[in-house]
Amino acid sequence: MIYVKDKEVYDGGVLVIADRQVVNPTHEQLIAAGWTQEEAPVPTAEELLGEAKRTRLYELERYDTSAAVNAMTFNGVETWLDAQTRANYRNSIESAEILGETSVTVGLAGQAVVLSIMDAKVILAKIQRYADACYMVTQGHRKAIEALTTVEDVEGYDYTQGYPEKLNL
């Protein structure tokens, strides 16, 4: 059962009755405040499937942005460079190369690391290709979840599978 007033469903929050805030109003208080009691609508199978998919896609998105995917090991320390940081480092490396410099300093695993221009390019390329591969796996999972036709299949779908092995640099 739910309480409804002016097409609004009472959500269990604080209710103001006669200038008093009531934390847990009784049935009688709700009725006196103009709320009516109705049967809660039963969601359709389509609505349940849609909600299950939205939940699973949200979980996939959280997993995709977590350290379970966005992490690598550099000199024994787990770290990550997000897309913006990788782009900034690419610009720095390109600038150093144009200026004839032979090395560049980048922040990795909480430390300043001096790398040759070529080593810095290779490390960034490896990180980018790993990120690209992870993105493709996530997109595949997203498409697969959308194609599922039962709540049970959606709830049983393992979106953690198929990601590449984390980098160890």
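**Entry 1**

I began with a pair of residues: Val104 stands opposite Leu115 in β9. Before going on, I noted that this is a predicted model, in which local features need pLDDT of at least 70 and side-chain atom pairs count only at pLDDT 80 or more, while totals for chains, interfaces and linings use all residues. Residues are numbered from 1 along each chain as its sequence is written, and side-chain values use heavy atoms, with hydrogens and water left out.

I also wrote down how the elements get their names: helices (H or I, at least four residues) and strands (E, at least two) are DSSP runs, numbered from the N terminus. Two strands pair if DSSP finds at least two bridges between them.

How many bridges join β8 to β9? I found six between β8 and strand β9 (residues 111–116), and the two run antiparallel. One more partner I looked up was that of Thr105, which is Val114 in β9. Two residues lie between the strands of this hairpin, and Ala109 takes a positive phi near 55° there.

Next I followed the side chains along β8 (residues 103–108). In a regular strand the side chains alternate between the two faces of the sheet. In β8, Val104, Val106 and Leu108 point to one face and are buried (buried is under 20% relative accessible area, exposed over 50%, partly exposed in between, with a 1.4 Å probe and protein chains only).

**Entry 2**

I then moved to three strands that form an open sheet in the order β2-β1-β5, with antiparallel pairing. Which strands stand at the edges? They are β2 and β5 (36–38), each with a single partner strand, so one side of each has no neighbour in the sheet. I looked up the link between β1 and β5 and found three bridges.

Val9 sits in strand β2, and I noted it as partly exposed because its relative accessibility is 45%. Leaving aside neighbours within four places in sequence, Val9 is in contact (heavy atoms within 4.5 Å) with Ile2, Tyr3, Val4 and Trp35. I also checked Val9 against Lys166, 157 residues apart along the chain: their C-alpha atoms are separated by 47 Å.

**Entry 1: two residues with positive phi**

Most residues other than glycine have a negative phi, and most peptide bonds are trans. With that in mind, I stopped at the loop between β1 (2–5) and β2 (8–9), where Asp6 lies. Asp6 is not a glycine, yet it has a positive phi of about 50°. Lys7 is found in the loop between β1 and β2 too, and has a positive phi of about 65° without being a glycine.

Are they buried or exposed? Asp6 is exposed, with a relative accessible area of 74%, and Lys7 counts as exposed at 83%.

Two packed helices are described by the angle between their axes and the distance between the axes. Axes are lines fitted to C-alpha atoms, for helices over the stretch in contact, and angles run from 0 to 180 degrees between N-to-C directions.

I started with helix α3 (residues 83–98) and helix α4 (residues 117–147), whose axes come within 10 Å and cross at roughly 155°. The two are therefore roughly antiparallel to each other (angles under 35 degrees count as roughly parallel, over 145 as roughly antiparallel, 65 to 115 as roughly perpendicular and the rest as oblique). Among the residues making the contact are Tyr89 and Ile93 of α3 and Leu124 and Ile127 of α4. By class, I have eight nonpolar, one polar and four charged residues here (Ala, Val, Leu, Ile, Met, Phe, Trp, Tyr, Cys and Pro count as nonpolar, Asp, Glu, Lys and Arg as charged, and the others, Gly among them, as polar).

Then I turned to helix α2 (residues 45–64), which packs with α4 at an angle of about 170°, the axes being 10 Å apart. That makes α2 roughly antiparallel to α4. The contact includes Leu57 and Leu60 of α2 and His141 and Ile145 of α4. Its residues divide into four nonpolar, two polar and six charged.

**Entry 2: a look at His141**

His141 has its place in helix α4 and counts as buried at 7% relative accessibility. Which residues does His141 touch? Not counting residues up to four places away in sequence, I listed Leu60, Tyr157, Asp158, Tyr159, Gln161 and Tyr163. His141 and Leu60 are 81 residues apart along the chain, and their C-alpha atoms are separated by 7.9 Å.
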